Amino acid sequence: MHPITTYILFCFLGRFAHGVSATAYVPFLLASSHRGGLGLTPAHVGLLEAGYSISMFLFEVPTGMCADRKSRAWSIHVGCMIWAVSVLGFGLANGFWTALLCEIGIGLGRAFISGAQQAWIVDVLKQRKEESRIRETFSRQGTWDHIAYL
C-alpha cells in the first residue's frame, strides 16, 4: 500500500472513531447512572472538555520531543495505545474524576499522534522523492477527514 493511502486511511479511521463517539458522548455523560450514564452536569461536561484540550496543549511539546528522540512511528504507536486505553477506560468510569482521567489520557494520546503523523508522511514522501505530492496529500486527507466525521 502506498504511504499516502496508509496516511489517509489512518487519519480517516481516527476521525471516524471520533465522529461515532461524538454523537453519544454528551448523552452518556449526562444520563443518570441507572440509565447507563455517568450522571454529570453540563458544567462537568465543559470541565471534561477543558481537561482534554488543556492536556493536549500541555503535552504537545513534550510528546513532540519524544517523537524526535525515539521515532515518529514509535510516537504514533504509543499515542494510539494511550488513546485506546483511555477511550476503553470510559467503560469503567463511575463519575467526574474517572472521566477526567480518561479525557486527560485521550489528550495525551492525541498529542503523541498529532504532529508525528504529518511529519511521518512528509519524511516518507521526501525519501520516495515525491515531495510534490505533499500538498495534495494534506488536501485529500482534509477532505476524507470531513467525510469520516460526517
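Helices are DSSP runs of H or I with at least four residues, numbered from the N terminus. A pocket is an open set of points on a 1 Å grid over the protein atoms alone, where a 1.4 Å probe fits, with protein on both sides within 12 Å along at least five of seven lines; lining residues have an atom within 4 Å of a point. The model is predicted, and totals for linings use all residues. Residues are numbered from 1 along each chain as its sequence is written.

**Exercise 1.** Describe the largest pocket by volume, helices and residue class.

*Solution.* 
1. Take the volume, the space filled by probe spheres set on grid points joined across faces, edges and corners. The largest pocket holds about 760 Å³.
2. Find the centre. Of 28 lining residues, A17, H18, S21, W83 and I106 are the closest to it.
3. Assign helices. α1 (3–30), α2 (42–69), α3 (72–89), α4 (96–127) and α5 (134–149) each supply at least two lining residues. α1 has the largest share, 13 residues.
4. Sort by class. Ala, Val, Leu, Ile, Met, Phe, Trp, Tyr, Cys and Pro are nonpolar; Asp, Glu, Lys and Arg are charged; the others, Gly among them, are polar. The lining has 17 nonpolar, 6 polar and 5 charged residues.

**Exercise 2.** Which helix gives the most to the lining of the second largest pocket?

*Solution.* 
1. Start with the space: about 190 Å³.
2. List the lining: T6, Y7, F10, A73, I76, H77, C80, Q117 and W120.
3. α1, α3 and α4 give two or more residues.
4. Pick the top contributor: α3, with 4 residues.
5. Check the classes: 6 nonpolar, 3 polar and no charged residues.

Technical notes:
Predicted model: local features only at pLDDT ≥ 70, side-chain atom pairs only at ≥ 80, totals over all residues. Heavy atoms only, no water.
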